[in-house]
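Please read this report alongside the sequence and the 3D view.

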Amino acid sequence: MIFTKRFLWASLASGMILMTGLYAAEGKAKKSDRVVINADFGKEVISKFIYGHFAEHLGHCIYGGIYVGEDSSIPNTRGIRNDVVEALKEIAPSVVRWPGGCFADTYHWKDGIGPKDQRPSIINTTWGGVTEDNSFGTHEFLDLCELIGAEPYICANVGSGTVQEAAEWVEYVNSDAKSPMTELRKKNGREEPWHVKYWAVGNESWGCGGNMTPDYYTDLYKRFSTYMRAGRPYRVASGGTDPDFEWTETVLKKTQKYRNLIQGYSFHYYTFCHGWNDKSSATQFDENDWFHTMKNTLIMEERLESHIALMDEYDPQNRIGLIADEWGNWFTVEPGTNPGFLYQQNTLRDAVTAALYLNIFNNHARRVKMANIAQFVNVLQAMILTKDDQIVKTPTFYVFKMYKVHHDATLLPIDVRCEDYAYEDMTLPGLSASASKDKDGVIHVSLCNIDPHNSKKIEVDLRGSGKLSSSSGTIINAPDMNAYNDFGKSENVNIQKFSSFSVKNNVVKVDLPAKSVVIISLK
Ligand code: AHR
């Protein structure tokens with residue numbers, strides 16, 4: 001049995017009262033995992049932007065996946081697929097990051113505006129060396145965001161662009177004053193500014209974004225940020241490679257006197273099954289792969305907390321948001337597909353790790369103000385896969401749909417004690433959880449059992465919640481750990497009703513099946 005760090009910290013912080021209560025309760029709950037939620041102690045809001053997305057000009061994320069052009073036989077609105085829009089609305093996407101990723105630092109936005117037949121083509125040198133005809137540009141992206149009801153988050157080109165180019169992009173999109181940029185926008189059919197709040201200043205500037213040193217990048221960041229100012233944007237600095245804490249420290253330290261220039265700091269973390277050089281298949285995996293995928297996902301919490309500790313040191317007032325704008329599972333591409341297109345299937349394993357990530361982000365909502373899973377459609381851990389005119393909603397899609405209840409809800413402090421998930425001679429904490437209270441006073445508890453074989457008996461002790469009178473549950477689960485949804489077949493993984501729990505005296509007893517994600521809602 002293990003005590004998670006969260007449990008220990010919270011217990012130590014709240015002193016003997018909680019400790020006494022817990023040990024007293026231990027006798028009667030020995031065989032159960034135990035979750036204690038303080039329902040009246042919530043103060044942080046789980047930003048809905050934690051449930052954000054990322055759409056890069058990469059493989060078939062944009063072209064084919066989101067955008068098919070007006071002349072396509074696939075039903076569309078101004079070139080954007082209707083079926084994808086309708087599906088995405090189900091998960092209430094809060095924010096979409098675009099146009100990259102690595103692509104962003106090769107992208108010159110003026111190539112993607114104006115009449116389509118006059119837009120120049122470029123080569124997408126980062127992803128597959130394919131021709132990019134620029135038919136999906138700023139107007140089309142912002143149209144997509146309006147169609148699905150998401151906030152846009154634009155990543156400006158620092159690696160191969162200029163300060164003026166970035167400043168003009170912000171002005172084109174955000175200004176309502178008369179200027180050459182706003183006149184150009186109007187000529188291109190958009191009278192009113194879009195008021196885009198979120199802007200990234202480069203992407204992975206340590207690598208594909210220009211191979212910079214942290215000092216050099218921070219100086220450049222200050223220059224770009226100074227002039228990217230139309231509409232008071234929320235500007236996000238590029239983070240370092242994982243786990244480069246020197247980069248983080250340099251950026252935070254050197255911008256300390258310029259707090260008005262930095263509102264967010266970006267952090268990327270991917271789960272590779274056994275490492276960058278051994279990513280393994282998205283569908284053909286065994287328990288060894290399952291265990292290591294869980295392990296490498298859980299490492300993210302440690303990384304996040306190390307970043308938060310540095311941010312607390314350099315920004316004790318908690319003014320800079322940690323923006324986890326790329327995260328997710330990165331497996332080997334599906335056989336026969338372009339290795340530069342990063343197309344992978346998505347199984348129950350992806351649903352379980354998505355729940356782990358989202359529970360971690362929820363529980364760090366004080367500092368984490370946005371997170372964007374990589375990526376939206378057809379790339380890496382996607383929400384949706386497309387094949388010609390067909391679409392598939394992935395297991396990860398259903399986690400996002402289920403977790404909508406946490407959008408902008410109040411985070412509830414939670415302590416988790418659980419049995420380990422053991423594989424060979426290795427162990428991991430078997431249970432992940434987070435909880436929130438929504439604006440109607442409903443408490444939502446997310447529970448995720450990462451053990452692929454053993455169900456769990458869990459006692460959830462809701463303190464300070466008042467008398468509970470109604471409850472309901474939903475679950476994502478499947479008989480096989482590598483179950484997935486495929487084109488033209490009925491779904492193997494989606495959301496089902498869950499009723500294997502009982503509520504008595506504000507204690508919820510749950511039989512949590514192996515490899516499952518559950519949300520229990522209580523009022
Ligand atoms: O999401 C794929 C790539 O991963 C992004 O373009 C880049 O930022 C990261 O390295």
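## A capped helix

Asp-286 caps the N-terminal end of α8. One of its side-chain oxygens lies 3.1 Å from the backbone nitrogen of Asn-288. A polar contact is a pair of N or O atoms within 3.5 Å; within protein, one must be able to donate a hydrogen and the other to accept it, and residues adjacent in sequence count only if both atoms are side-chain atoms. Helix α8 covers residues 287-314, 28 residues in total. From first C-alpha to last it reaches 42 Å, close to the 40 Å expected at 1.5 Å a residue. That expected span is 1.5 Å times one less than the number of residues. Helices (H or I, at least four residues) and strands (E, at least two) are DSSP runs, numbered from the N terminus.

This is a predicted model: local features need pLDDT of at least 70, side-chain atom pairs count only at pLDDT 80 or more, and totals for chains, interfaces and linings use all residues. Residues are numbered from 1 along each chain as its sequence is written, and side-chain values use heavy atoms, with hydrogens and water left out.

## The six-strand sheet

An open sheet of 6 strands runs in the order β17-β21-β22-β28-β24-β25, with antiparallel pairing. Strands β17 (410-411) and β25 (495-497) stand at the edges. Each has a single partner strand, so one side of each is left without a neighbour in the sheet. Two strands pair if DSSP finds at least two bridges between them. β24 (residues 471-476) and β28 (residues 516-522) pair over 6 bridges. Here Ile-475 stands opposite Val-518 in β28.

Helix α9 (residues 348-363) packs on this sheet, touching β17, β21, β22, β24 and β28. Its direction makes about 55 degrees with that of β21. Helix α10 (residues 395-402) lies across β24, β25 and β28, at about 165 degrees to β24. Axes are lines fitted to C-alpha atoms, for helices over the stretch in contact, and angles run from 0 to 180 degrees between N-to-C directions.

Asn-359 lies in helix α9. At 1% relative accessibility, Asn-359 is buried (under 20% relative accessible area; exposed is over 50%, partly exposed in between; 1.4 Å probe, protein chains only). Leaving aside neighbours within four places in sequence, its contacts (heavy atoms within 4.5 Å) include Tyr-403, Ser-432 and Cys-448.

## An enclosed strand

How many residues of strand β12 (residues 264-271) are buried? The count is 8 of the 8, so β12 is largely enclosed by the rest of the structure. Both faces are covered. Gly-264, Ser-266, His-268 and Tyr-270 are buried on one side, and Tyr-265, Phe-267, Tyr-269 and Thr-271 on the other.

β12 pairs in the parallel sense with β11 (residues 234-237) over 2 bridges. It also pairs in the parallel sense with β13 (residues 321-329), over 7 bridges. Val-236 stands opposite Gly-264, and Tyr-265 has Leu-322 as its bridge partner in β13.

## Cysteines

The whole structure holds 1 disulfide (a pair of cysteine sulfur atoms within 2.5 Å). Cys-102 and Cys-208 form it, with sulfur atoms 2.2 Å apart. The S-S torsion is about -85 degrees, so the disulfide is left-handed. Cys-102 lies in the loop between β6 and β7, and Cys-208 in the loop between β10 and α6, so the pair ties together parts 106 residues apart in sequence. Cys-102 is buried at 13%; Cys-208 is partly exposed at 37%.

The sulfur of Cys-418 is 11 Å from the closest cysteine sulfur, in Cys-448, too far for a bond. Cys-418 is buried at 1%, and Cys-448 is buried at 0%.
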